[in-house]
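Open the model in your viewer and keep the selection panel at hand. The stops below go from the backbone to helix packing and then to salt bridges.

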Amino acid sequence: HESALIKEPSGFVPNLDSRTAFKLLRDDPEAGLVIHMHGAAGTVGSDYRVPNYRALSAGDPRNMHVLTFDYRGFGLSRGAPSEKGLIIDAISIVEWAMNTASIPPSRIMIFGQSVGTAVSLAVLEHFALQSPPLVFAGAVLVAPFSDVASLAATYRIAGTIPILSPLARFPKLFRYLTTYIRDNWSSKDRIARYIQANEDNKVKYRLTLIHAEDDWDIPYHHTEVLFWHAVKAMIRQDISYDDFAHKKSQSMTDLGAAGAITEWKTQNGIVREEILKTGLHDVIMGNAVVTMAVMRIFANSKSSLD
C-alpha cells in the first residue's frame with residue numbers, strides 16, 4: 001500500500017476515515033491496533049519515538065497498526081495538561097478506536113511509556129470497571145513509576161540533577177512538600193484495582209512491565225514496586241515487599257547480560273516483569289523486547305479466542 005499512502009497529502013485531515021491507513025485498519029478483520037501513549041516530554045513526532053512506532057508494528061507489519069496522539073497541551077493540541085485531562089483524552093481515543101474504527105477490544109493493545117504508563121493504567125482501570133467490563137488484548141508499560149511522590153523522591157534530570165531527592169532525607173519536610181502535588185498519578189493503586197476487577201470478573205488479561213537498569217530518569221525500582229502491587233492483587237494477599245522479593249527470586253529467569261524476566265500467573269491473567277541491563281529511558285522503546293512483548297500479547301489473545 002506504499003503508493004497509495006505516499007500519494008495522500010501530509011498534515012491535518014478533516015476526515016480521518018477517508019485515509020488509506022484508516023480503511024486498512026477498519027476493513028481487515030485480522031488487524032491489530034496498538035494505542036500509543038507517550039511520555040511527558042516532546043510530541044508524537046519527537047525523533048526518539050519513531051523507532052518505538054516501528055518496534056510496535058515490526059512483528060507483523062502487514063496487520064499491525066499504531067495509533068498515537070498528543071494529549072492536551074502537547075504538540076498542537078489545545079488546552080493545559082492535567083491528570084484528569086490526559087485521562088479524558090486517552091479514553092476518548094480508545095472509544096474512537098472501538099466505535100468509529102470498529103476495532104473490538106480483543107484486537108486493541110495499550111502501550112505506554114513514562115508518564116504514558118500512568119495514563120495507560122488509568123484507561124485500563126476505567127474500562128475494567130465498566131458494566132460489562134471491557135478488557136483489551138493486553139498492555140505493555142515501559143519505564144513506569146509507582147506514583148508522583150515516589151518519583152519526586154528519586155527523579156534526576158539526565159540522571160544527574162536532582163529535583164526533590166535531596167529533601168527525601170527529611171521525611172517531615174518532604175511529606176509537607178508533597179501536599180502541593182496537584183496530580184498524584186498513583187499507578188501502584190490503579191494497577192491493583194485493575195487486576196482486582198479482572199480477577200473478580202474472571203476475565204483474561206495480559207500485562208507486561210519493561211524497564212532498564214540504566215534508566216537515569218525513572219529508576220527501575222519503580223517497576224519492581226508496581227509488579228509487587230500487581231502480584232498482591234493477583235494472590236489477594238498483603239505480602240511484604242521483602243517476602244515478595246524472596247519469592248520472586250525463586251521464580252525469576254536470569255538472562256545474564258540481557259537482564260531478567262519474572263512472570264506471575266493466575267487462571268485469569270499473566271503479569272510479566274522484564275528488567276533489561278541497558279536501554280536508558282527512551283532508547284529502550286525501540287528495543288526488540290518491545291516487539292516481542294506486542295507479539296506475545298496478540299498471540300495469547302488470539303489463542304484465548306480460539
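The model is a predicted one. Begin with P132, in the loop between helix 5 (115–128) and strand 4 (138–142). The peptide bond joining S131 and P132 is cis, with omega about 0 degrees.

Next, select S114, in the loop between strand 3 (108–113) and helix 5. S114 is not a glycine, yet its phi is positive, about 60 degrees. Its relative accessibility is 8%, so S114 counts as buried.

Then go to K202, in the loop between helix 8 (187–201) and strand 7 (205–212). K202 is not a glycine either, and it has a positive phi of about 55 degrees. With 65% relative accessibility, K202 counts as exposed.

Now show helix 8 together with helix 9 (residues 221–235). Their axes are 8 Å apart and the packing angle is about 30 degrees, which makes the two helices roughly parallel. The crossing of helix 8 past helix 9 is right-handed. To see the contact, select S187, K188, I191, A192, I195 and Q196 on helix 8, and L226, H229, A230, A233 and M234 on helix 9. By class, these are seven nonpolar, three polar and one charged residues.

Turn to the salt bridges. Side chains of opposite charge can pair when their charged atoms come close. How many salt bridges does a search of the whole structure find? The search finds 16.

Select R19 and E8: their closest N and O atoms are 3.6 Å apart. Both residues lie in the loop between helix 1 (2–7) and helix 2 (20–27), so this pair ties together parts that are 11 residues apart in sequence. R19 is buried at 17% relative accessible area, and E8, at 18%, counts as buried too.

Move on to E125 and R193, whose side chains form a salt bridge with an N to O distance of 2.5 Å. E125 is in helix 5 and R193 in helix 8, so the bridge links distant parts of the chain, 68 residues apart. E125 is buried, with a relative accessible area of 10%, whereas R193, at 38%, counts as partly exposed.

The next pair is K248 and E224, with the closest N and O atoms 4.0 Å apart. K248 belongs to helix 10 (residues 241–251) and E224 to helix 9, so the bridge ties together parts 24 residues apart in sequence. K248 is buried at 6% relative accessible area; E224, at 17%, also counts as buried.

Finish by selecting E263, K265, R272, E274 and R296, which are linked in a network of salt bridges.

Note on methods
Residues are numbered from 1 along each chain as its sequence is written. This is a predicted model: local features need pLDDT of at least 70, side-chain atom pairs count only at pLDDT 80 or more; totals for chains, interfaces and linings use all residues. Side-chain values use heavy atoms; hydrogens and water are left out. Helices (H or I, at least four residues) and strands (E, at least two) are DSSP runs, numbered from the N terminus. Buried means under 20% relative accessible area, exposed over 50%, partly exposed in between (1.4 Å probe, protein chains only). Axes are lines fitted to C-alpha atoms, for helices over the stretch in contact, and angles run from 0 to 180 degrees between N-to-C directions. Angles under 35 degrees count as roughly parallel, over 145 as roughly antiparallel, 65 to 115 as roughly perpendicular and the rest as oblique. A crossing is left-handed if the near helix is turned anticlockwise from the far one by less than a right angle, and right-handed if clockwise. Contact means heavy atoms within 4.5 Å. Ala, Val, Leu, Ile, Met, Phe, Trp, Tyr, Cys and Pro count as nonpolar, Asp, Glu, Lys and Arg as charged, and the others, Gly among them, as polar.
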